[in-house]
Amino acid sequence: MDRREQLIEAAITVIKRDGVQSASLRTIASEANASLAAVHVCFTDKDELMQAAAAELLQQLVRAIPQVIDGPDDPRGIAHRILDSFWAQMVSDETYVIAQFELGMWSKRNPGHSGLLRTVYSEYETEIARLLAISLDRVDLKPRIPIGALARGLVVIMDGCSLQYFADPGNPNHKALCDLMVDAYLDKAGL
């Protein structure tokens, strides 16, 4: 792992542990066992490092998605495995998803970085759409909702369910409600 990657990973660690507001360059350098000068060699400022950390954190979700293709070929099975994968990640490491939300809000609040969130979400939606398209081809189905909108809707459901989970993590009904919403959405899509 090169120094830049080390600093990005350190930034993610600090953000997950302490939040974006506490992620100073000095704290990140310390986490990476690097000097502040090394940070400035790799990144011009905190904004550039935060942008790189946000991109990497959200890309980790995108990279995990293809693993859900194993199993039943139907689009409903694929959609639920995507949701199950995301849900398992969220409940096993809440800080991971909280950090994603924080970095997303950071990108919206900082001029020049507001496109980051849309770019990463687009990649996430594209990967989900790709997997759904594969499953639709295998079973020769045509959804009533365009595949891109179908993927975006699944992301909307996951985000909403995440916020409900964080509002009351002890409620055992969140996952069942999320599954129900996915099923209703897939029914509407004719799947």
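Reply: Happy to! A cavity here is a set of grid points where a 1.4 Å probe fits but cannot get out. Please keep in mind that this is a predicted model. With a cut-off of 30 Å³ or more, the count comes to 1 cavity. The space inside the largest cavity is about 40 Å³.

Which residues line that cavity? They are A79, I82, L83, L154, M158 and V182. Sorted by class, this lining has 6 nonpolar residues, with no polar and no charged ones. Two elements, α5 (75-92) and α8, each give two or more residues to the lining. The most comes from α5, with 3 residues.

Now let us follow α8 to its packing with another helix. Two packed helices are described by the angle between their axes and the distance between the axes. For helix α7 (residues 114-139) and helix α8 (residues 147-167), the angle is about 120 degrees and the axes lie 8 Å apart. The crossing in which α7 passes α8 is right-handed.

On the α7 side, the contact is made by R118, Y121, Y124, E125, I128, A129, L132, A133 and L136. From α8 come I147, L150, A151, R152, L154, V155, M158 and D159. By class, this contact of α7 with α8 holds 13 nonpolar and 4 charged residues, and no polar ones.

Here the two topics meet: L154 and M158 are among the residues lining the largest cavity, and both also belong to the α8 side of the contact with α7.

Key: Residues are numbered from 1 along each chain as its sequence is written. This is a predicted model: local features need pLDDT of at least 70, side-chain atom pairs count only at pLDDT 80 or more; totals for chains, interfaces and linings use all residues. Side-chain values use heavy atoms; hydrogens and water are left out. Axes are lines fitted to C-alpha atoms, for helices over the stretch in contact, and angles run from 0 to 180 degrees between N-to-C directions. Helices (H or I, at least four residues) and strands (E, at least two) are DSSP runs, numbered from the N terminus. A crossing is left-handed if the near helix is turned anticlockwise from the far one by less than a right angle, and right-handed if clockwise. Contact means heavy atoms within 4.5 Å. Ala, Val, Leu, Ile, Met, Phe, Trp, Tyr, Cys and Pro count as nonpolar, Asp, Glu, Lys and Arg as charged, and the others, Gly among them, as polar. On a 1 Å grid over the protein atoms alone, a cavity is a set of points where a 1.4 Å probe fits but cannot get out, and a pocket is an open set with protein on both sides within 12 Å along at least five of seven lines; lining residues have an atom within 4 Å of a point. Grid points are joined across faces, edges and corners, and a volume is the space filled by probe spheres set on the points.
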